Number of protein chains: 4
Amino acid sequence: MFFASDNSGPAHPSVMNAVMRANEGFRFGYGADEEMARVTTMVRDLFEAPEAAVYLAATGTAANSIALATLTKPWETIFCTKPSHINEDECNAPEFYSGAKLTLVGDDNCKMTAATLRTALDAEETRGVHGPQRGPVSITQVTEKGTVYTLDEIKAVTGIAREFGVSTHLDGARFANAIVTLGCTPAEMTWKAGVDCVSFGGTKNGLMGVEAVIFFDPKHAWEFELRRKRGGHLFSKHRYLSAQMEAYLTDNLWHELATSANTSGKRLADGLRAHNDVSFPNEPEANLMFFEMPRGLHKKVQAAGAQYYVMGSLDGNDDEPVLGRLVCDWSVGSDGVDAFLAALNA
Amino acid sequence: MFFASDNSGPAHPSVMNAVMRANEGFRFGYGADEEMARVTTMVRDLFEAPEAAVYLAATGTAANSIALATLTKPWETIFCTKPSHINEDECNAPEFYSGAKLTLVGDDNCKMTAATLRTALDAEETRGVHGPQRGPVSITQVTEKGTVYTLDEIKAVTGIAREFGVSTHLDGARFANAIVTLGCTPAEMTWKAGVDCVSFGGTKNGLMGVEAVIFFDPKHAWEFELRRKRGGHLFSKHRYLSAQMEAYLTDNLWHELATSANTSGKRLADGLRAHNDVSFPNEPEANLMFFEMPRGLHKKVQAAGAQYYVMGSLDGNDDEPVLGRLVCDWSVGSDGVDAFLAALNA
Amino acid sequence: MFFASDNSGPAHPSVMNAVMRANEGFRFGYGADEEMARVTTMVRDLFEAPEAAVYLAATGTAANSIALATLTKPWETIFCTKPSHINEDECNAPEFYSGAKLTLVGDDNCKMTAATLRTALDAEETRGVHGPQRGPVSITQVTEKGTVYTLDEIKAVTGIAREFGVSTHLDGARFANAIVTLGCTPAEMTWKAGVDCVSFGGTKNGLMGVEAVIFFDPKHAWEFELRRKRGGHLFSKHRYLSAQMEAYLTDNLWHELATSANTSGKRLADGLRAHNDVSFPNEPEANLMFFEMPRGLHKKVQAAGAQYYVMGSLDGNDDEPVLGRLVCDWSVGSDGVDAFLAALNA
Amino acid sequence: MFFASDNSGPAHPSVMNAVMRANEGFRFGYGADEEMARVTTMVRDLFEAPEAAVYLAATGTAANSIALATLTKPWETIFCTKPSHINEDECNAPEFYSGAKLTLVGDDNCKMTAATLRTALDAEETRGVHGPQRGPVSITQVTEKGTVYTLDEIKAVTGIAREFGVSTHLDGARFANAIVTLGCTPAEMTWKAGVDCVSFGGTKNGLMGVEAVIFFDPKHAWEFELRRKRGGHLFSKHRYLSAQMEAYLTDNLWHELATSANTSGKRLADGLRAHNDVSFPNEPEANLMFFEMPRGLHKKVQAAGAQYYVMGSLDGNDDEPVLGRLVCDWSVGSDGVDAFLAALNA
């Protein structure tokens, strides 16, 4: 009953085996390993992007920050939502790498829209050299609130970005989960929808710790490489990153694991929805969800051994509701979900 | 009829004369001039702060950014309002100097309150190492919208800041105008109200270009000096800055000039208020004001030669209102104001 | 015959097995895993430093840069040698993380001495606020040229550092190899010799990719944590780093692997030394060495399949000597060395 | 007898008068003043560069650092000499603004040569992504040691820079003095000799505090403007900078003042050279010079009231020589020089 995060469970055995297999003999370092050559081809094939520049980073914060820094000038501002990971959970890493600032689009909702983005972009209009200049737009898919942009919603956002001459980055920490929800292809959710750069996450979906950064326009390649090295994120024994990503891309493992996580997410959401005292601030659309329940109910579930993240104060009266977050990883399975629901309904 | 900004008018003759007088013989550079020794004493006397560290900078952006960087760690976030100069008009200078980010408090209003500040500070509570850490609070007095914090409002804000263990910076680009409005002393509006550091502006109030940065706790002194030098803001021929500030502090010139500007501001506001078609989004409290008027009326006034800043689109139908800003500097005087009002009422 | 780098060989099987074992069930992330709790204790025991702050990073550049940034102010300068890794091989990462600059001590030699360090520190003496201020000293052990500081040499350097009031960092990418050469304890080579902070390398000595950063004064702990997160170097699935380091510290594996590498190094150096046409710019003291040989000889060895790094131009006349670098990792063994020597002497 | 620095004397009366004249009425701020329009034309005419981008900054450190940041990427290294102002006297400002590092060319000499520059550029050749990348070359003219690059020497340096594909910046804090020494035109000493960007100094030559930054290729213009603003170096009351520069360029005042300073410098150098106990480490070629004299002689001259900068320890035995620096500004004149020489020869 561990629902605190999808980065708390184990890596998939196929991934571990691939890492073990990669541990043979000598390899050239720093990305010149043979595994990486195969990964590059596999990513390009998967995204139908034969020219794309493909790189690996070991953490999501590194992937996001170095990618954004490559797209941004230090006097620009990056447009994102308030709850976005780059705003709230990266301890100023995007600002550190880019030298730029963040402008928050819309309100507390996790999705920006064409309208809220246009308003934010417009607001920078008349200040000339005085204000921050318009920089890239960054959206997160699956959003931090557990919702999923439709393809039309992405296109609406990227359309506004292009109208203002800025690029779009997609933080895909849960990229695979969104693909499963939408039933579309990686190309459809990215460059075909106007996205210029994507962090294709693996860490939250069964890897030990690897994200791919993909630039559909390879002109950014060398700058990204230099920024990655300058950030200390170029691995000498790069093969262990490559091997994870190769296993992830083999036989659609990435899709299979996200399907498992989303199936658990749906089973969990359905069970919660059936309980009279539980409500969702946002309708769950993938493998994570926010819920509200009476504190007494929360205490009962926690006492039964369920682990999850609670927002705000941990103390409080029993009649004050609790806002919590549940995340299903690929490994939690129906047994884990059912155990939780049994505790809830006990 | 020049109301575009209070940095567009001339410097006061006393200031120019002081600069001329300072241009004699040789002086030690970099702040070791005899004028600066006197300025330090005068500022300490004026602020009733005999231990304060006092420095000069030539621009308001430099004064704010270097002061804030001295108070902030790169992994922190600075709390300010959305319309604050440091957020909208300094092209990322605060982020550049501090390495930190800005968190916007409240909505579009220029004043933060104890309540909105508490909400913003609370929101950083549970993220541990992941989120930005709480850094200083920065308020602007006179605010960018032309309103003035009362002493109680300042104390309420600094009280919350102290409760959370962070310091308070006051951007006093129009410090003197606020003092005139409130009828209080510099000490009352700063350290007696809980402010730790202040940019004491001169540029918008009759100097060629000088702001004093004052730390009431001198432990920050050496770090500020190093940051100022590293930013290229330490002047070799520092005497010309000192001379301006010395003239400003002599015979209460700073207060006299702000009184003149505020008097013009009140005369202008009264005249506008008397016109049926003009309204104020905020009640003007010092020497600058935002107004709304029909576009046709705006065109008439501009055609008569009035210069001021217009927000948003410069085109539009005559029935769409215009949001504009008027600022009275020390030199515009009643003639300038009356000319404007005559054009308005013609 | 792979001597290009000690980051090109496999990780030790015990390390891989530990990583596999760690891949079970759910763990709290971001360093709160149970493996890390054990690692902290083991490192403190090994270094006889019960108060030390202990952290992991996945790359040597990250370990060095974040550690140095924690010890340095942005207006300071870090004292290191010209061939040091932080100067030549980290693409400005130390400057990026610290905001400071590097001052090169001595000439091209990899060891600084009390005399050359004093000269460099003295040279910053009279500039006041104008010049960079004195920051920490950083030495590399084993040096980048394959030599090893004696304990007395380290003490001489740290003694000068303390005299000038600055701290000392030790880049221990090959820490274990130096311990084996000197036959001393980790405590003797670090805090007992005046070192304040050490990067305790594992990546070049049989791990997949982990370095421990150790501050003997724990006051630096929280700042390091924040800097690590801000740099994107805090791993969510931290257990895989911890597991590697735990295996490294179990049954003295770290020492055993370095002993193996150094033994190979000595065997290789002895074989080279016995060849009339080979010379050493520096006497090899651990597991890496620079050599000079005629280009014809180099070509013969390379044609036989030996891989190693060649400095400068890869073209050239047969009568121009080649300067190359050979590194023995823990796995190359006597067979690998003998194969090389056979090719050399063929 | 004030020879400590050429930034210690007064500004020229024509400059002060121009500033007074500029203090009339209202002006648009931030460089949109009419004076600046004239300055741009005058600078372009003077440098025979009708397309050049021309900007003003108030300090030499700002001019150098922002110009270099505009020419440099954060992963590059700037090539300069060890005694260069950007290395020794700007408290990390060039690194702060650019994010890059500095590579020192040659030894302690103030002039780099084609040979020493080639060696330094070559040394970055084989490290790929690991080492700093080659960035711009920066030379100082007049050098910090009081020598002057000949046109051929400049061309030799810029020729190497172009061969390696990097640009050349010229720190012209004493630009005018070098022009007087060489008897050439500004164009000949800059773009005709291969220089891409120049800081055209005024502060050390009779202004209160203004340097012009000139990019011969205007593509850098907008980036420079943004970087200047982001650094807090865009003046709202810009007219006071423009007025100084306009006076400087009117009737060749810049050339006249430098001629005066150089004439004093020659008179002083001749007088020193005639003294048996004084020697020059470098032959003086403009208005500043380093000298060595017995401590006893130094004490006698200082006791007579002469002020100048002494390197290293201020204490010492009378038989230890003193290394000092003398600088003649435009205003010191033959009387000042003769007073010094009288004290020396008393």
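**Exercise 1.** Look at chain A in this predicted model and work out how many helices and strands chain A has.

*Solution.* Step one: count the elements. Chain A holds 14 helices and ten strands. Step two: turn to how they pack. The radius of gyration of chain A is 20 Å, close to the 20 Å that the globule rule gives for 346 residues, so chain A is as compact as a globular protein of that length. The C-alpha trace spans about 60 × 60 × 35 Å along the principal axes of chain A.

**Exercise 2.** Find what percentage of the residues in chain A is buried.

*Solution.* To begin, recall that a buried residue has 20 or more other C-beta atoms within 10 Å of its own. By that test, 62% of the 346 residues in chain A are buried. Next, look at the contacts between residues at least 6 apart in sequence: 78% of them in chain A join residues at least 24 apart.

**Exercise 3.** Describe the side of chain D that touches chain B.

*Solution.* Start with the count: 38 residues of chain D are in contact with 38 residues of chain B. Now name the elements of chain D that give two or more residues to this side: α1 (13-22), α3 (60-71), α5 (93-98) and α10 (221-230). Finally, sort the residues on this side of chain D: 16 are nonpolar, 17 polar and five charged.

Methods: Residues are numbered from 1 along each chain as its sequence is written. Chains are lettered from A and ligands numbered from 1 in the order in which they are written. This is a predicted model: local features need pLDDT of at least 70, side-chain atom pairs count only at pLDDT 80 or more; totals for chains, interfaces and linings use all residues. Helices (H or I, at least four residues) and strands (E, at least two) are DSSP runs, numbered from the N terminus. The radius of gyration is taken over C-alpha atoms; the globule rule is 2.2 Å times the number of residues to the power 0.38. A residue is buried if 20 or more other C-beta atoms lie within 10 Å of its own, exposed if 12 or fewer, and partly exposed in between; C-beta atoms are placed from the backbone. Two residues are in contact if their C-beta atoms, placed from the backbone, lie within 7 Å. Ala, Val, Leu, Ile, Met, Phe, Trp, Tyr, Cys and Pro count as nonpolar, Asp, Glu, Lys and Arg as charged, and the others, Gly among them, as polar.
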